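Here are my notes on the model you sent over.

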Amino acid sequence: MTEPRYSEQEFSEILRDAAERSATDQPQYSLSEIQRIAEQVDIAPEHVARAAAALPATSAERPSVLWGAASAMQLVRRVDGVVSTDQIMDTFTIARQRLGHSGETRDLGGGLEWHYDSGYSSAVVSVVPGGSGTIVRVEGRAEGRRFILYAGALAAAVLTGFFATNTATPTFSLLSAVVAFVPYAAVARAWWNRSARAMQRDLTRLADEVAARLGRG
């Protein structure tokens, strides 16, 4: 039996429909992964990098009533004119200074990216020249930091329940741990909100400084 053949337009429509059917709101692919996939259908990495850079910033994660402030943010700045590699590398020095991490730099095939991931927090600064302008994208995440704070609150509550076992029944000890978790979690939430606000300020200032430096040439 002869296998069906499809035109280039049908090929694009099939892939688009398949992608929509499997779509999820959670980030799944890094830019380098998308570039590797695109290369299989002869799409140059620099075209992917510029298309990704041109995307608008995604909607900010909404604060949670239970867990507090958002743990991720994304900022986009547009600079008139095309910048050089030396100018981009100079702005990555700002990122290292402001965020306190040496990080790593890599070629995006049409742009450059600086990033770090400590497991506790992460950030990405990408600069992609294209056409008559340059796109600066700054992303930061701190799920690890939030997890550690709430895990600490849970550990403190469990420890409270453990000490209660010396003078009470297991049921009362469990109840003590549950009750103790409420104030511990409130403290963790307050610390996390303060940390998240600091992260948001730092990333916003970084995005503005990078764009200003590139704009001055």
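How much relative accessible area does E209 have, and is E209 buried or partly exposed? E209 is partly exposed, since its relative accessible area is 23%, and buried would need a value under 20%. Bear in mind throughout that we are looking at a predicted model.

1. **Overall layout.** The protein has six helices and five strands. Read from the N terminus, the order is α-α-α-β-α-β-β-β-β-α-α. Of the 217 residues, 33% are buried. The accessible surface is about 13900 Å², and carbon and sulfur atoms account for 57% of that. As for contacts, take those between residues at least 6 apart in sequence: 63% of them join residues at least 24 apart.

2. **Strand 5 and its two partners.** Start with strand 5 (residues 133–141), which is mostly covered, with seven of its nine residues buried. On one pairing, strand 1 (residues 72–80) runs antiparallel to strand 5 over nine bridges; Q74 has E139 as its bridge partner there. On the other, strand 4 (residues 122–130) is also antiparallel to strand 5, again with nine bridges. In that pairing S122 sits opposite R141.

3. **On from strand 4 to strands 3 and 2.** Strand 4 also pairs with strand 3, antiparallel, over six bridges. Strand 3 (residues 112–117) in turn pairs with strand 2 (residues 104–107), antiparallel and through four bridges.

4. **The two hairpin turns.** The hairpin of strand 2 and strand 3 has four residues between the strands, and G109 takes a positive phi near 70 degrees. The hairpin of strand 3 and strand 4 likewise has four residues between its strands, and there G119 has a positive phi near 85 degrees.

5. **A bridge pair that is also a salt bridge.** R106 has E113 in strand 3 as its bridge partner. The two also form a salt bridge, with 3.1 Å between the closest N and O atoms. How exposed are they? E113 is buried because its relative accessible area is 9%, under the 20% cut-off. R106 counts as partly exposed, as its relative accessibility is 25%.

6. **Aromatics.** Searching the whole structure turns up one aromatic pair. Its members are W114 and Y116: the ring centres are 5.9 Å apart and the planes make an angle of 50 degrees, so the pair is tilted. Stacked would need planes under 30 degrees apart, and edge-to-face over 60. Both W114 and Y116 are buried.

7. In one of them, the side chains of R213 and D90 meet at 2.6 Å, N to O. R213 belongs to helix 6 and D90 to helix 4 (residues 85–99), and the two are 123 residues apart in the chain. Another joins the side chains of R98 and E209 at 2.9 Å, N to O. Because R98 lies in helix 4 and E209 in helix 6, this pair ties together parts 111 residues apart in sequence.

8. R213 is partly exposed at a relative accessible area of 28%, and D90 is partly exposed at 34%. R98 counts as partly exposed too, with 36% relative accessibility. E209, from the opening question, is partly exposed at 23%.

9. **The end of helix 6.** R216 is found in helix 6 (residues 170–216). Its 61% relative accessibility makes R216 exposed, because the cut-off for exposed is over 50%. R216 and D80 are 136 residues apart in sequence, yet their C-alpha atoms are 9.9 Å apart in space.

10. **A nonpolar patch.** F11, L15, V41 and I43 make a nonpolar surface patch of about 320 Å². L15 lies in helix 1 (residues 8–21) and counts as partly exposed, given its 45% relative accessibility.

Conventions:
Residues numbered from 1 in each chain as written. Predicted model: local features only at pLDDT ≥ 70, side-chain atom pairs only at ≥ 80, totals over all residues. Heavy atoms only, no water. Buried < 20%, exposed > 50% of the residue type's maximum accessible area, 1.4 Å probe, protein only. Pairing = 2+ DSSP bridges. Contact = heavy atoms within 4.5 Å. Areas by Shrake-Rupley, 256 points an atom, 1.4 Å probe, with all protein chains shown as cover. Phe/Tyr/Trp six-rings, centres within 6.5 Å; stacked < 30°, edge-to-face > 60°. Patch = residues over 30% accessible without salt bridge, like charges linked within 9 Å, V, L, I, M, F, W, Y side chains within 5 Å. Salt bridge = Lys/Arg side-chain N within 4 Å of Asp/Glu carboxyl O.
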